[in-house]
Amino acid sequence: MTQAHDGGWIPVRKDFVDPATRCHARGASRRHHGFPEGQAYILRDAAGHEYPFGEDCARAALAQPALLRRVPDYTERDVVPRTAWPELPAAPRRRDAAQARAAERAAAIRYLVLRMEKVAAVPRVQPTVRFPALEDIYAQYQRSGDLAPAQVRRILAIERSPSTPPRLRATNLLDVYTAHVKLERLIAASTSVDNIRFLRSLHDWLARHLVLTAGQLAAAGIAMHPQAFTSAGIWGPEAEPPAAAGKARSGSLF
Ligand SMILES: [Zn+2]
C-alpha cells in the first residue's frame, strides 16, 4: 500500500487545506487552480514530501485512481455539497475482503492521526486526547506510513472500547477537528477585535470540552455536517472526559 506507484505518488489522505492553497498539478493543460472549498487530496512523492491535489488532478497523477477511495478522509464532517466532488470511477459493488481490510486500515489511520496529531495539536486541548497506549503505534506509523493488521485491530478496539469516553471516539474527534479548522479560518479572516475574541473563546471551549452546541456553531457562523456533535453519549453529566471535570466554566457560552 505504501510503495510508490507510477509517477511515485502515494495517496495519503483527503484533508482540509488553507483556501489560499494551489493545486500542485499546475502544469500541462490545466490552470493553476485553488481549493475554494478548502479541501484537497494529499499525495506524497517518492522523497516523502506531501502536496495538495484536486480530485481530477490526483486521479490523473495516480496509476490506480481507485486508491483515492482508500485514503482516510478528514473532511467527512464538513458540509461541502457532494456534487462538488464528482464520483470516482466505479469500484466493484461487491465488497470483498481486500476492500474491507482497506476500509479498516483507513479508519484506524484516521483515528490514530486524529487522536495523536490533529486534535492533540489543537491549542489548549485537554490532555486526555493524546493517548499513551497509542504512542508506540503512532511512532511506528510516522516512520513507516503504514499499519500492520494487528495494529489496525488494536486501534479500532481502543476506539470502540467502553472505557473510551464518547467525546474521544472517531466521529466526535472528526467533528472537533472540523470545527477547529473552521474556527481558525474565521479568526484568520476576521477584522473585528470583538469577533475575534468571541471566536477564540469558542475555540478555547471546544479545546477543553471537545464539543460545541448547535447554538455555539450558529453564533460562530460555522456550517457543519447536520449531525455534528450529536454522537451517542457526548452530552449529559457522564459525557465529559475526566480531565475536563471540575474545570468547566459557567455555561455562559451556551
Ligand atoms: Zn489540480
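**Exercise 1: Two helices in contact**

Task: Determine which residues of α2 meet which residues of α5.

Solution. Step 1. In α2, the residues Arg110, Tyr111, Leu114, Arg115 and Lys118 meet Ala170, Leu173, Leu174 and Tyr177 in α5. Two residues are in contact if their C-beta atoms, placed from the backbone, lie within 7 Å.

Step 1. Sorted by class, this contact of α2 with α5 contains six nonpolar, no polar and three charged residues. Ala, Val, Leu, Ile, Met, Phe, Trp, Tyr, Cys and Pro count as nonpolar, Asp, Glu, Lys and Arg as charged, and the others, Gly among them, as polar.

Before continuing, note the basis of the work. The model is predicted: local features need pLDDT of at least 70, side-chain atom pairs count only at pLDDT 80 or more, and totals for chains, interfaces and linings use all residues. Residues are numbered from 1 along each chain as its sequence is written.

Step 2. Helix α2 covers residues 97-118 and helix α5 residues 170-189; their axes come within 10 Å and cross at roughly 50 degrees. Therefore α2 is oblique to α5. Axes are lines fitted to C-alpha atoms, for helices over the stretch in contact, and angles run from 0 to 180 degrees between N-to-C directions. Angles under 35 degrees count as roughly parallel, over 145 as roughly antiparallel, 65 to 115 as roughly perpendicular and the rest as oblique.

Step 3. The crossing of α2 and α5 is left-handed (the near helix is turned anticlockwise from the far one by less than a right angle; clockwise would be right-handed).

**Exercise 2: The sheet**

Task: State the order of the three strands in the sheet and describe their pairing.

Solution. Step 1. Helices (H or I, at least four residues) and strands (E, at least two) are DSSP runs, numbered from the N terminus. The protein has seven helices and three strands, in the sequence pattern β-β-β-α-α-α-α-α-α-α.

Step 1. The three strands form an open sheet in the order β1-β2-β3, with antiparallel pairing. Two strands pair if DSSP finds at least two bridges between them. At the edges are β1 (10-16) and β3 (50-53), each pairing on one side only. From one strand to the next, the twist averages 35 degrees.

Step 2. β1 pairs with strand β2 (residues 39-44) over six bridges. Opposite Ile42 in β2 stands Arg13, and opposite Leu43 in β2 stands Pro11.

Step 3. β2 and β3 pair over four bridges; Arg44 has Glu50 in β3 as its bridge partner. These two strands, β2 and β3, form a hairpin with five residues between them, and Gly48 in the turn has a positive phi of about 95 degrees.

**Exercise 3: Positive phi and burial**

Task: Where is Leu210 found, and is Leu210 buried or exposed?

Solution. Step 1. Most residues other than glycine have a negative phi. Leu210, however, has a positive phi near 65 degrees. Leu210 lies in the loop between α6 (193-209) and α7 (214-220).

Step 1. Leu210 is buried, because 28 other C-beta atoms lie within 10 Å. A residue is buried if 20 or more other C-beta atoms lie within 10 Å of its own, exposed if 12 or fewer, and partly exposed in between.

Step 2. Phe229, in the segment after α7, has a positive phi of about 55 degrees. Phe229 counts as buried, with 24 C-beta neighbours inside 10 Å.
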